[in-house]
Amino acid sequence: MAKSIDVSDLNIYYSDFLAVENVNMTIKARSVTALIGPSGCGKSTFLRTLNRMHEVIPGARVEGKVAVDGQSLYDSAVDPVEVRRMVGMVFQRPNPFPTMSIAENVLAGLRLNNKKLTKSEAADVVERSLQGANLWNEVKDRLGKPGMGLSGGQQQRLCIARAIAVEPQVLLMDEPCSALDPISTSAVEDLIHELKEQYTIVIVTHNMQQAARVSEDTAFFNLAGAGKPGRLIEMNPTKKIFSVPDEEATEAYISGRFG
Ligand SMILES: Nc1ncnc2c1ncn2[C@@H]1O[C@H](COP(=O)(O)OP(=O)(O)OP(=O)(O)O)[C@@H](O)[C@H]1O
């Protein structure tokens, strides 16, 4: 089941550097939320706190709370590995495992979680995940061939298949189309539309048309100045952000006056 995310009073640090300050935000279940804002305002940093990938960087830490359906992710009893299973991630550049076949790539996350599967269970997961990522018809006759042999857009959908194979509830996407051509971008955007029936999706994008096309809600982050922390300026329904935003800074950014 897709889950909602509540962020309260979140401060995000790299050692002593406060990169993002005081974020309060509610992300709706089964919906797409876009994070936009100028370079360096902390969109990717914030995104990585939603599945505890931030703390993988030495010295990186957070203060405050992130709760997924009421469960606080940073409680001491919570296993970060389980968090990352529940909250999957797709990166900017497609990153299939180079030595693995298409099918092995889809199964890689399950294998990492030590899940034992029979041959027929594995075949089911591969088919269901590739169907879910709108890639099945294109690859069903070459599942044993290397994942790296696919086009960039196909590789990104393979990475999405790999992410959904472990049945997460939330999918984080960090500029998932920035390395893709317009046709592949459109395929991934169509897929995002379908995936939101089942998953809560948070997507970082530099492309404002893309935010407008794919998301229900948009959060605009900004920087008060060089060396200052990023802040959430405004979060609202995407239609409102792109027509009558509450804040002048949002208006200036979306109309291309800065950023
Ligand atoms: N590994 C790191 N160590 C130290 N500082 C970092 C690290 N990663 C990011 N930062 C800093 O944190 C701030 C936010 O960076 P982040 O990459 O989250 O911004 P962004 O909005 O995603 O930018 P872009 O749109 O350019 O990808 C920046 O000042 C950046 O220099």
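Student: Leaving aside neighbours within four places in sequence, which residues is valine 106 in contact with?

Tutor: This is a predicted model. In it, valine 106 is in contact with Val125, Val126, Ser129, Leu130, Ala161, Arg162 and Ala165, once neighbours within four places in sequence are set aside.

Student: Which residues are buried in helix H3?

Tutor: Start with the general idea. An α-helix has 3.6 residues a turn, so residues three or four places apart point the same way. In H3, residues 102-112, the buried ones are Ile102, Ala103, Asn105, Val106, Leu107, Gly109 and Leu110.

Student: What covers the buried residues of H3?

Tutor: The cover includes helix H4 (119-132), helix H5 (136-139) and helix H6 (152-165). Just after H3, asparagine 114 takes a positive phi of about 60 degrees.

Student: In the largest nonpolar core, which residues touch the most other members?

Tutor: That core has 70 residues, and those touching the most other members are Leu35, Val106, Ala161, Leu171, Leu172 and Ile201. Helix H6 gives the most to this core, seven residues.

Student: Ile201 lies in strand E8. How many residues of E8 are buried?

Tutor: Five of its five residues, so to read them, recall the rule for strands. In a regular strand the side chains alternate between the two faces of the sheet. In E8, residues 200-204, five of five are buried. Thr200, Val202 and Val204 are on one side, Ile201 and Ile203 on the other, and both faces are covered.

Student: Which strands are joined to E8 by bridges?

Tutor: Strand E3 (residues 32-36) is joined to E8 by four bridges, and the two run parallel. Alanine 34 stands opposite isoleucine 203 in E8. Strand E7 (residues 170-174) is joined to E8 by five bridges, also parallel. Here valine 170 stands opposite threonine 200.

Student: Why does tyrosine 253 count as buried?

Tutor: Tyrosine 253 counts as buried because it has 24 C-beta neighbours inside 10 Å, and the cut-off is 20 or more. Tyrosine 253 is found in helix H10, residues 248-254. Sequence distance and spatial distance should be read separately. Tyrosine 253 and isoleucine 36 are 217 residues apart in sequence and 9.4 Å apart in space, C-alpha to C-alpha.

Student: How many residues surround the ligand, and which are closest?

Tutor: There are 13, and the closest are Tyr14, Ala19, Ser39, Ser44 and Thr45. Strand E2 (17-27) and helix H1 (43-49) are the elements that give two or more residues to this shell. The largest share, three residues, comes from H1. The shell divides into five nonpolar residues, seven polar and one charged.

Conventions:
Residues numbered from 1 in each chain as written. Predicted model: local features only at pLDDT ≥ 70, side-chain atom pairs only at ≥ 80, totals over all residues. Near = placed C-beta within 6 Å. Nonpolar A, V, L, I, M, F, W, Y, C, P; charged D, E, K, R; others polar. Buried ≥ 20, exposed ≤ 12 C-beta atoms within 10 Å, placed from the backbone. Contact = placed C-beta atoms within 7 Å. Core = buried A, V, L, I, M, F, W, Y, C linked by C-beta atoms within 7 Å. Pairing = 2+ DSSP bridges.
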